[in-house]
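Hello,

Here is the structure we talked about, with some notes on its ligand. Please have a look before you read on.

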Amino acid sequence: MTREVNHFIDGKSFTGTSGRFGDIHDPNTGEVQAKVQFATPTEVADAVEGAKKGQAIWAAMNPQRRARVLMKYKMLVEAEMDELAHLLSSEHGKVIADAKGDLIRGLEVIEFACGVPHLLKGEYTESAGPGIDVYSMRQPLGVVAGITPFNFPAMIPMWFMGMALSTGNAMIMKPSEKDPSVPVRLAELMLEAGLPEGVLQVVHGDKEAVDTLLQHDDIKAVSFVGSSNIAHYIAMECSKHGKRFQAMGGAKNHGIIMPDADMDQVVTDFLGAAYGSAGERCMALPVAVPVGKDTADEFVGRIKEEAAKLRIGVSTDDTVHYGPVVSAAHKASIENYIQMAVDEGADMLLDGRGFELPGHENGFFIGPTLFDNVTTSMKSYQEEIFGPVLQVVRANDLEEAAALPSNHQYGNGVAIFTRNGLAAREFASKVNVGMVGINVPIPVPVAYHSFGGWKRSAFTDTNQYGTDGIRFFTKIKTVTQRWPTGDIGDQAFVIPTMG
Ligand code: NAD
């Protein structure tokens, strides 16, 4: 019998009633390995009701006690790291080392959230006026929603859980329907760590479940990570329904290679950042911009040779560099972009289409693909491919190179490889992109900074996690207090002034 992945509501596994399901594939074999329930609007609304009850209990606990739940949670997830990584890999297709990285980067946000008693401290001004003190406090929003993409099924749920729960909110999590099992297990472990029932609900589904959350009066904020068109839709709907939102979208990150860069490091970094995790990372480096003909010729020659040697295979094989992509539809989309680049006149140096792994002929594998002489007018350059495809756009100087990421519709991450500190500093200051790496190919900020791109990579005013995450999931209340000692006379019915 096919395994079914249920909702997790009010602390229990809940079998839905919709009769609608999504298929969960094993990307290594192409077979359907399980089915996931799709929630009805009523089921989503019931989950919100349960969350409201749980939130009242949770918010009444002092921040230190909430932090202790998260501390215990970190230990529980660490104790189950191997099992979680295998489960994640089996539905997503990333190799075990990447699956563990997914979990560990999420846990870093949980660790940061353990400092919430400090992070929630408000401000205080004594004697802002005669006998008048002013103080502010951060309070939870209530019930919030988190909608997550397929490509980080542990890290992104933990970004949301860490920030939303530590600050006293309840959360309805709607994970990607492609790999929903790890988010469910992560929620179960939160309960084991001491979270009251109902505070973290997992409902599965598609647009119907998402729309129910977006329109529900009791959902006070929505944190979303996914593709840009859906992120934009989330932002518009939240605005319409008066909700706070963070909506992170797609990416097309550039890596600029200066003539003075350490080419050994550059080639190694691009192998990992362009092809690792089959290119399914929003901070991957799918565009290389070598500066000058000599740099370009050397980079292209060496990356072609090394990329051709990458080992692609079953995600549980710890000798392979990357596994299959997530679905047949995504594989077809990547292959369409490869054909588009060929038709647009880019020089194809490696073609990953038609890659077959003996014994796994129906797996969703794509070999490393490399294009040289890509130009900005090509649609395959302008759009996100999200696969193991590296496009080389040659530039004559740094100014020309820096204009590429600055003018691109996406502005998530960018990297520059150089030994020239001044050039790097100028570049970091001027480039029109949200996260910059200097000799760092994947500059995902650590948990106590915050994560967020610019332009069509993020529709939001606040970044994910870090102190921005605390701000997003709380609202400020400011109290002006006076304790009159005698007759307040003329001041009784006017706006108090601070003179
Ligand atoms: P996606 O947009 O297809 O799905 C994201 C979520 O939205 C899922 O939970 C899905 O069920 C839901 N959804 C899908 N279609 C919907 C619709 N029409 N209405 C309402 N909800 C809908 O994204 P994905 O394919 O799961 O993830 C890959 C994308 O996410 C890439 O574009 C990648 O760059 C991006 N991403 C961005 C970041 C970032 O922080 N900027 C991080 C990771 C991934």
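Below is what turned up around the ligand.

This is a predicted model, in which local features need pLDDT of at least 70 and side-chain atom pairs count only at pLDDT 80 or more, while totals for chains, interfaces and linings use all residues. Residues are numbered from 1 along each chain as its sequence is written, and side-chain values use heavy atoms, with hydrogens and water left out.

The shell around the ligand holds 27 residues, and K174, E177, S227, G249 and E384 are the closest (near means a heavy atom within 4 Å). By class, 14 of the shell residues are nonpolar, nine polar and four charged (Ala, Val, Leu, Ile, Met, Phe, Trp, Tyr, Cys and Pro count as nonpolar, Asp, Glu, Lys and Arg as charged, and the others, Gly among them, as polar).

Domain 1 (3–249 + 457–479) and domain 2 (254–438) both contribute to this shell, so the ligand lies between them; the bounds come from an automatic or database domain assignment.

As for distances, a ligand oxygen is 2.6 Å from an N or O atom in the side chain of S227. For the side chain of E177, an N or O atom is 2.7 Å from a ligand oxygen. At F150, a polar backbone atom is 3.0 Å from an oxygen atom of the ligand.

Best wishes

Note on methods: A polar contact is a pair of N or O atoms within 3.5 Å; within protein, one must be able to donate a hydrogen and the other to accept it, and residues adjacent in sequence count only if both atoms are side-chain atoms.
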